[in-house]
Amino acid sequence: HAKCVAVVGGGNVAMDAARCAKRLGAEVYIVYRRGMEELPARREEVEHAMEEGIIFKTLTNPTEILGYYNKDNKRDEKNGTVCGIKCVEMELGEADASGRRRPIVKENSEFTIDADCVIMALGTSPNPLIKDTTDNLATEKWGGICADESGRTSREGVFAGGDAVTGAATVILA
C-alpha cells in the first residue's frame with residue numbers, strides 16, 4: 001500500500017480516490033489549482049474528505065511527477081516508483097470565459113510533496129501527457145490506455161481501469 005498519495009483534481013472522482021486511499025491507510029493530499037470555493041466536487045464530498053483527515057493543497061498546481069526510485073533507493077526509470085510531486089502555488093486572477101477566476105502561477109513558489117503514489121483525477125478525457133511521457137504504455141488512438149480484463153497494461157506494474165480504458169462514461173459505468 002502507498003504511504004502517501006497525492007490526488008490531482010477537485011471533482012467527485014478526486015474526492016472518491018482520496019477517501020479510498022485514506023481508508024487504505026495512506027496520508028492523502030488533494031492537489032487543486034483553484035481555491036476551496038471553486039472545488040467542483042459536491043460540498044458533502046469535500047466535507048467528508050476533510051472530516052477523514054485529507055489534506056487540501058488548494059491554489060496548488062503540479063508541474064512534475066518525481067521518481068523513479070527502486071527498492072535500493074537508486075534512480076531507475078525502468079523499474080522504479082514515484083517519490084513525489086513538484087508543485088507551484090497559484091493565485092486567482094480575472095475571470096475567464098467560463099466565469100471562473102483564472103489561476104496564475106505565483107513567482108518562486110515551487111515546492112515538493114513527498115508521495116509514493118499520484119492519482120490524476122481530472123477531466124472527462126484521458127490525460128494527454130500519459131501517452132507522451134510514459135514509455136512502453138500502449139494507448140488507443142483517442143488516448144485511452146490499453147488494458148486487459150485484469151487492468152494490466154503493456155507496462156509491467158502499471159494497471160488502468162474505468163473510463164481511462166473504456167472512454168468517458170457515466171459514473172456508474174465508469
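The legends below describe several close-up views of a predicted model.

**Figure 1**
Of the 174 residues in the chain, 33% count as buried.

In soluble globular proteins, nonpolar side chains tend to be buried together. Here the largest nonpolar core has 18 residues, and those with the most contacts inside it are Val 7, Met 15, Val 28, Ile 30, Ile 54 and Phe 56. Two or more residues are given to this core by each of β1 (4-8), α1 (12-23), β2 (27-32) and α2 (43-51), and the largest share, five residues, comes from α1. Apart from this core lies another one, of eleven residues, which includes Val 31, Ile 85, Ile 113 and Ala 115.

**Figure 1. Met 15 and its surroundings.**
Which residues does Met 15 touch, not counting residues up to four places away in sequence? The residues it touches are Gly 10, Ile 30, Leu 39, Ala 41, Glu 45, Val 46, Ala 49 and Phe 56. Two of these, Ile 30 and Phe 56, are themselves listed with Met 15 among the residues that have the most contacts inside the largest nonpolar core.

**Figure 2. The buried face of helix α2.**
Within α2, the residues Glu 45, Val 46 and Ala 49 are buried. Seen down the axis of α2, these buried residues fall within an arc of 100°, so they line one face of the helix. An α-helix has 3.6 residues a turn, so residues three or four places apart point the same way. What covers the buried residues of α2 includes the helix α1 and the strand β3 (55-58). Just after α2, Gly 53 takes a positive phi of about 95°.

**Figure 3. Helices α1 and α2 side by side.**
Two packed helices are described by the angle between their axes and the distance between the axes. The axes of α1 and α2 come within 10 Å and cross at roughly 25°. Because angles under 35 degrees count as roughly parallel, α1 is described as roughly parallel to α2. The crossing of the two helices, α1 and α2, is left-handed. On the α1 side the contact is made by Asn 12, Met 15 and Arg 19, and on the α2 side by Glu 45, Val 46, His 48 and Ala 49.

Not counting residues up to four places away in sequence, Arg 19 touches Glu 45, His 48, Ala 49, Glu 52 and Ile 54.

Leu 59 is found in the loop between β3 and β4 (60-69), and although it is not a glycine, it has a positive phi of about 50°. With a relative accessible area of 28%, Leu 59 is partly exposed. Asn 108 lies in the loop between β6 (101-105) and β7 (111-114), and its phi is near 50°, a positive value in a residue other than glycine. At 80% relative accessibility, Asn 108 counts as exposed.

**Figure 4. Cys 146 and Glu 140 in the loop between α3 and α4.**
Cys 146 is found in the loop between α3 (128-133) and α4 (163-166), and Glu 140 has its place in the loop between α3 and α4 as well. Cys 146 is partly exposed, with a relative accessible area of 26%, and Glu 140 is partly exposed, with a value of 35%. Not counting residues up to four places away in sequence, Cys 146 touches Ala 138, Thr 139, Glu 140, Arg 152, Thr 153 and Ser 154. Cys 146 and Thr 166 are 20 residues apart along the chain, and their C-alpha atoms are separated by 8.9 Å. Glu 140 and Thr 166 are 26 residues apart in sequence and 9.9 Å apart in space, C-alpha to C-alpha.

Terms used: Residues are numbered from 1 along each chain as its sequence is written. This is a predicted model: local features need pLDDT of at least 70, side-chain atom pairs count only at pLDDT 80 or more; totals for chains, interfaces and linings use all residues. Side-chain values use heavy atoms; hydrogens and water are left out. A nonpolar core is a set of buried Ala, Val, Leu, Ile, Met, Phe, Trp, Tyr and Cys residues joined through side-chain atoms within 4.5 Å. Buried means under 20% relative accessible area, exposed over 50%, partly exposed in between (1.4 Å probe, protein chains only). Helices (H or I, at least four residues) and strands (E, at least two) are DSSP runs, numbered from the N terminus. Contact means heavy atoms within 4.5 Å. The arc is that of the directions from the helix axis to the C-beta atoms. Axes are lines fitted to C-alpha atoms, for helices over the stretch in contact, and angles run from 0 to 180 degrees between N-to-C directions. Angles under 35 degrees count as roughly parallel, over 145 as roughly antiparallel, 65 to 115 as roughly perpendicular and the rest as oblique. A crossing is left-handed if the near helix is turned anticlockwise from the far one by less than a right angle, and right-handed if clockwise.
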